[in-house]
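This report goes through a two-chain model region by region.

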Amino acid sequence: MKPNKNINLLHDLYLKELRKEKQIVRIYQFLIFLVFFSGWEIASQKHWIDPLIFSSPSKIWGLLIDKIGDGTLFTNLYVTLFETVLGFIIGTLLGTILAAMLWWSSRLSNILDPYLVVLNAMPKVALGPILIVALGPGYFSIIAMGAIISIIITTIVVYTSFKEVDQNYLKVLQTFGANRKQCFKEVVLPASFPTIISTLKVNVGLSWVGVIVGEFLVSAKGLGYLIIYGFQVFNFTLVLLSLLIIAVFATIMYHAVELLERKLIKTVK
Amino acid sequence: MSFLSIEKVSHTYFTKDSATTAIENISLTVQDGEFVSLLGPSGCGKTTLLSIIAGLITPTEGSVTIENKQIDRARSYIGYMLQQDYLFPWKTIEENVLVGLKITNHINEQTKKNALHLLDKIGLKGVEKSYPSQLSGGMRQRAALVRTLATNPKILLLDEPFSALDYQTKLKLEDLVSHTLKDYKKTAILVTHDIGEAIAMSDRILLLSANPGRIAKEFQVPDELKRDTPFNARQHHKYSDLFQKIWKELDQLETKQEH
């Protein structure tokens, strides 16, 4: 009986240790946040940094309240979010479909190989002007920017993972006489879910880049537009406010992908 | 009339810079309900031969027939078990066991019930909803056996199915597999490099030589050993006799290779 008691006690101690470590990490995280923003505020008030360029947290907060009040924040935020989410979904979906086609036909993959390399190496943002001319200066070209920036890299990464599925899993199905479609659905795709999810995480960031650059170039609405507008009228409080909002929503999207990950990949104990 | 017949099968693998003949001129017949082992050193093309029988590889020469049907028409007669369990980690044990029925489009209430009953009989009751990662190696290999048997194949191809297990689990599984196959009157071909396993489990042993793989010698397992379970067969004095005989033969094959 006695050793049992001891083990329970030790386990409690171990758990306490874990909790303590977590608390310490949280405290430091909060401290960094606090030091950064209060330092920023003080430096701006004392004119250590130029408040016209670097603004200050209190001014940004004031502007946030104003913008929420007159509703312009939400219309702009809504537009950018819509474009980003759509660009992200289209980019990932098309990339995965393209990867599936390459897996299906190794001849197609051999034929397209040099083109994929070229397209991947090219900075997609440079396509912006052409997209705007082709699709018109509006939602379409911005969404296309958000999608195009992630398609090729998704294709390459997901196709590699399709190819690297353990051949013995396929052998199991082939001994039952499975055709290529069944092999894809039952083995290749589910085995690649972890890779697809990690490309999703990368694509969240990429789609924001595509959409913000797209908005720089054309739009009259959206957070990217607010940044460019703030820059032109030298209102850097507006620029920084938009930046902070982008950071918050990009993080939210990232967490949404993590949630999806936990739902899709159930095997983890 | 033989159940499975392999006639003058040869197979060569082609790559960019070589053509390697894995097996050459192999002919063999297997009777209905017989358990045959293919024994040989690595590189003797055991797995190649098994893949050809399973219809996964088309041989460069020769033909394989089951009940006088060409192999591509007899796919559903075959069950294949690999060196490791290769249960799909993203499927539950139940989904894993039923995957063969799903692929062959034979899934219905009755076949599903049979498969789950088999799972029960083999000692895996209550793990249907678990994932493979939650099971031990022996349990996983048993689940793989159920997956193979679920489609009700007439012949089982076993590709060193016990080689990845620890010794104790291996002995237990040998008994279980041998017993299950006899119960369901299945024909089986076992590929192995373990002399003891071949003697304990099979009715007939074919010795293969390497580079390229050919049938070098055939051994009949004495009736006393056939009747016993693999575990008990290992204790029999005739087991040691046969072991010595096969050992010498394998040794000679190797020295012949070196010259």
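## Thr29 of chain B

With 14 C-beta neighbours inside 10 Å, Thr29(B) counts as partly exposed. The model is a predicted one. Thr29(B) belongs to strand 2 of chain B, residues 18-30. Leaving out residues up to four places away in sequence, Thr29(B) touches Ser2(B), Leu4(B) and Ser5(B). Ile66(B) is 37 residues from Thr29(B) in sequence, and the two C-alpha atoms are 9.8 Å apart in space.

## Interface between the chains

Contacts between the chains involve 19 residues of chain B and 16 residues of chain A. On the chain B side, strand 6 (78-81) and helix 2 (93-103) each supply at least two residues. Helix 2 of chain B gives the largest share of that side, 3 residues. By residue class, the side of chain B that touches chain A has 12 nonpolar, 6 polar and 1 charged.

## Helix 2 of chain B

How many residues of helix 2 of chain B are buried? The count is 8 of 11, so that the helix is mostly covered. The buried residues are Ile93(B), Asn96(B), Val97(B), Leu98(B), Val99(B), Gly100(B), Leu101(B) and Ile103(B). They pack against elements of both chains: helix 8 (167-175) and helix 9 (180-217) of chain A, and helix 3 (109-121) and helix 4 (137-150) of chain B.

Helix 2 of chain B is followed by Asn105(B), which is placed in the loop between helix 2 and helix 3 of chain B. Asn105(B) has a positive phi, near 65°, and is a residue other than glycine. Most residues other than glycine have a negative phi. Asn105(B) has 9 C-beta neighbours inside 10 Å and therefore counts as exposed.

## Pro132 of chain B

Pro132(B) sits in the loop between helix 3 and helix 4 of chain B. Is this residue buried or exposed? Pro132(B) is buried, because 21 other C-beta atoms lie within 10 Å and the cut-off for burial is 20 or more.

Leaving aside neighbours within four places in sequence, the contacts of Pro132(B) are Leu87(B), Pro89(B), Ile93(B), Asn96(B) and Arg140(B). Two of these contacts, Ile93(B) and Asn96(B), are among the buried residues of helix 2 of chain B. Pro132(B) and Asn96(B) are separated by 36 residues in sequence and by 8.9 Å in space, C-alpha to C-alpha.

## Nonpolar cores

The largest nonpolar core has 89 residues, and Leu157(B), Ile189(B) and Ile199(B) touch the most other members. Helix 4 of chain B contributes the largest share of this core, 7 residues. Apart from this core lies another, of 21 residues, including Leu77(A), Ala144(A), Ala147(A) and Val218(A). In soluble globular proteins, nonpolar side chains tend to be buried together.

What is Ile199(B) in contact with, leaving aside its neighbours within four places in sequence? The contacts are Ile205(B), Val221(B), Leu225(B), Tyr239(B), Leu242(B) and Phe243(B).

## Helix packing in chain A

Helix 4 (residues 72-104) and helix 10 (residues 223-232) of chain A pack with their axes 7 Å apart, at an angle of about 125°. This angle makes helix 4 of chain A oblique to helix 10 of chain A. Helix 4 of chain A contributes Asn76(A), Leu77(A) and Thr80(A) to the contact, and helix 10 of chain A contributes Leu223(A), Gly224(A), Tyr225(A) and Leu226(A). These residues divide into 4 nonpolar and 3 polar, with no charged.

The domain assignment of chain A gives domain 1 (2-49) and domain 2 (57-264). The C-alpha centres of these domains of chain A are 34 Å apart.

His47(A) is located in the loop between helix 1 (2-45) and helix 2 (51-54) of chain A. The phi of His47(A) is near 60°, a positive value in a residue other than glycine. His47(A) is exposed, with 8 other C-beta atoms within 10 Å.

Thr160(A) is part of helix 7 of chain A, residues 139-163. With 13 other C-beta atoms within 10 Å, Thr160(A) is partly exposed. Thr160(A) and Thr195(A) are 35 residues apart in sequence, and their C-alpha atoms are 9.5 Å apart in space.

Technical notes
Residues are numbered from 1 along each chain as its sequence is written. Chains are lettered from A and ligands numbered from 1 in the order in which they are written. This is a predicted model: local features need pLDDT of at least 70, side-chain atom pairs count only at pLDDT 80 or more; totals for chains, interfaces and linings use all residues. Two residues are in contact if their C-beta atoms, placed from the backbone, lie within 7 Å. Helices (H or I, at least four residues) and strands (E, at least two) are DSSP runs, numbered from the N terminus. Ala, Val, Leu, Ile, Met, Phe, Trp, Tyr, Cys and Pro count as nonpolar, Asp, Glu, Lys and Arg as charged, and the others, Gly among them, as polar. Axes are lines fitted to C-alpha atoms, for helices over the stretch in contact, and angles run from 0 to 180 degrees between N-to-C directions. Angles under 35 degrees count as roughly parallel, over 145 as roughly antiparallel, 65 to 115 as roughly perpendicular and the rest as oblique. Domain bounds come from an automatic or database domain assignment. A residue is buried if 20 or more other C-beta atoms lie within 10 Å of its own, exposed if 12 or fewer, and partly exposed in between; C-beta atoms are placed from the backbone. A nonpolar core is a set of buried Ala, Val, Leu, Ile, Met, Phe, Trp, Tyr and Cys residues joined through C-beta atoms within 7 Å.
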